[in-house]
Amino acid sequence: MENKNKNRSTEEVLLLSISVFAILVLAPFAYFRFTEQEWLIFGIDIALMLSMLGIFAMTVYQRSIKVTSKLLVAVAFSGLCGVVAVKGQFPLYWSYPVIIATYFMFPAAIAVFISLALLSILLYLVMDSMTIAAGFTFLATTLITIVFSYVFSKKMGKQHKKISYHANVMRLRNEALEKIVHGSDLNTALSSLCLNLEDSYPDMLCCTSLVDETGALIRVGAAPSFPAEFVESIEGLPIAYSVNPCAYAIKSKERVVVEDIQVSHQWPAWRNACTKLDLKTCWSEPIFDSNGQAIGTFAFYHRSKRIPSKKETALIVQVANLVSLAIERERANQLIWRQANYDQLTGLPNRNMMRDHLKQSMAVAKRDSKRVAVAFLDLDHFKDINDTQGHYVGDLFLQEIAKRLKTCLRATDDVARLGGDEFVVTMTDIGELRDVEIVCEHITKALSTPFSLKGKMVHSSVSIGVTIFPDDGEDIDVLLRNADQAMYGAKQGGRNSCHFFTESMREATDKRYQMIEDLRIAVEQNQFEVQFQPIVCLLTQEIQKAEALIRWNHPEKGLIMPSEFIGLAEETGLIVDIGDWVAEHVIELLSQWNKAFDVSFQISVNTSPLQYKKNSESIIRWATKLTEHCLPTNALCLEITENMLMSSDRSVQETVTALQNMGVEIAIDDFGTGYSSFGYLKKFATNYLKIDRSFVKKIESDPNELALCEAIVVMAKKLGINVVAEGIETHKQAQYLTDIGCHYGQGYHFAKPMRQQDFIKLVSQQQHALKTA
């Protein structure tokens, strides 16, 4: 009962109000008739009151508005006539509220007929007892009441229709928005909108057509009330003026109204399909996205010939806007999903999608007792392509790699890009390992074929590591780790090859991951120390500089050399924290040494490319700390590689330039092993070149190596760059380098890397010897 009261219509409330009001008005009259013993009139009043009570009860419990409204008018009509017949003309003026109430209960035309009938009966009943003037007055006032009630009823009817129309449109809009907001799929949202419109307008059928991904064809978005045959006849049609009104609307970006389908000769195939469904009219409204591009149409079909009214035109526009909103929402959801599951550069599945697919493949293989191969691919020397050709060419190269990989796979295989130059191929339904080998051979052959990119020939190869489910593991992370380790085995074996995972690799993998974990602990607990190798002026044999070399004091394994952990530190990003610790330690020592020694020392610190990219603010702060310790900024020399100097990454170049502007000196380490571009040396005004030990080692036995070293020294001097020779192990090597004009030397011939206290002792002894000489 409570729910019914909350949902009562305006008509029900009006009926209940009139019946209660009538009872309240009639009650005093009935009491008066009773006291005056006017039993006939008293009986009529009681009958009217009981009738009104019955109407009230019927409205409350049965809610039959049509029956109760007609009954109310009949009761009022007969009651009034009965009272007038008994009492004469006195009750005539009760006819006015009865007439007004009639217009609330019935349509205006019917209410006029009932009112005129009531007027005629009442005039007939009082004709003999009423004067002409009184009769004319009653006739005139009653007619005026009828006319004004009619006009008011028509106006209120129009207002009611308008309100009902807007309420209906609002309901449709809200229901559609609710579907969209609550994440319903596009087909569900569009079908719901079509069905709601068809419920509100029984003569109408609705169909939504969408532009497909290619932008050239139509696909049906929703047509819930159309038979499958009709849907199939318009699915996949080209977007052209000659196809049908929907294609025409999309092409022209204008509304198309076909008032009479039967006489339309522009689209015969479509007309025949509509004729079978007895459809007479079609209105097709184009749907636009936020950029103004036509993305579909919403078609309104009718079974009668007509053109849209103003209200229907407004409805058409609103529906098109709702559909546009639903499509845009679906597109946004698809974009978010694609960005979360696909690589934006190559269009391949990313790590998330790869893991989902691999999980499903493993489940199917386990059920069917089959195997799955996971191949980890790493492009060889991809960094060199980025450094020499630029990132734009590097991106084009990755896109071409993705295309070639797809051509190498079987129909059941998948390829994903993990990031950078790393890819994963998942091979299902593996019979023999030879099946995997054949796929990998296709891949290595395809990727070793040169690429032509923007007029440049780019050469590459790939190293592949393969692991098998369930032979090598039944966990995704374990399989990926195994494949990664097998790939490293392929690289160590000479690259451009494929290696399968072995048990020995598992041991190496466990060792590697344990080393990474230990390295994280080492950073937290400062398990490192810095040793120093003197850099000597070859002319004076005086120690003027030193290179800071990090060592790891492992609590169980003892002293670990940097060659064993620097690569892992760079891979995990820990190199940034390690580099900061080394720099701060060196700056603190420089501050002490410059007070203890008579000469100013310069310490060289090795740096990683990652420090210039990931955390360049940290390396810039090193120069600030030098100033805070009252040290000249050239007291610190940062060693970088040739490849890093030539990097196309602007952040690297900007950081190096900023450091040079602050006075920090730059040394090119291992010069001669990379691209050896003197143009870059001139561009960045490098302070030092460090000739790699591989050249110095052979200068005694190979004149060509000595000539190469001499050429480097001469060229560096022309550019105002000092030269440091690394790896000097004999007196003869030192003499050769002195003779060709090399400035500084470093190597076991002078001293091995040593602990801080030993280095201080060596420098102190040398200074003492110079003073006493």
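Colleague: Why is arginine 355 called partly exposed?

Modeller: Arginine 355 has 27% relative accessibility. Buried means under 20% relative accessible area, exposed over 50%, and partly exposed in between (1.4 Å probe, protein chains only). The value of 27% falls in between, so arginine 355 counts as partly exposed. Please keep in mind that this is a predicted model, where local features need pLDDT of at least 70, side-chain atom pairs count only at pLDDT 80 or more, and totals for chains, interfaces and linings use all residues. Residues are numbered from 1 along each chain as its sequence is written, and side-chain values use heavy atoms, with hydrogens and water left out.

Colleague: What makes arginine 355 and aspartate 477 a salt bridge?

Modeller: The closest N and O atoms of arginine 355 and aspartate 477 are 2.9 Å apart. A salt bridge needs a side-chain nitrogen of Lys or Arg within 4 Å of a carboxyl oxygen of Asp or Glu, so this pair qualifies. The pair links distant parts of the chain, 122 residues apart: arginine 355 is in helix H13 and aspartate 477 in helix H17. (Helices, H or I with at least four residues, and strands, E with at least two, are DSSP runs numbered from the N terminus.) Aspartate 477, at 41% relative accessibility, is partly exposed too.

Colleague: How many salt bridges are found in the whole structure?

Modeller: The search finds 24. One of them joins glutamate 437 and arginine 434, at 3.2 Å from N to O. Both residues lie in helix H16, three residues apart, about one turn of the helix.

Colleague: Why is leucine 119 called buried?

Modeller: Leucine 119 has 6% relative accessibility, which puts this residue in the buried class. Leucine 119 sits in helix H6 (residues 108–126). Setting aside residues up to four places away in sequence, leucine 119 is in contact (heavy atoms within 4.5 Å) with Phe138, Leu139, Thr142 and Leu143.

Colleague: And phenylalanine 148, buried or exposed?

Modeller: Exposed, because the relative accessibility of phenylalanine 148 is 61%. Phenylalanine 148 belongs to helix H7 (residues 132–181).

Colleague: What makes threonine 428 a buried residue?

Modeller: A relative accessible area of 14% does, so threonine 428 is buried. Threonine 428 is part of strand S8 (residues 422–430). Beyond neighbours within four places in sequence, the contacts of threonine 428 include Ser361 and Arg371.

Colleague: What is the mean pLDDT of the chain?

Modeller: The mean pLDDT (the predictor's confidence in each residue, from 0 to 100) is 85, and 92% of the residues reach 70 or more. Over residues 1–6, though, the pLDDT is below 50.
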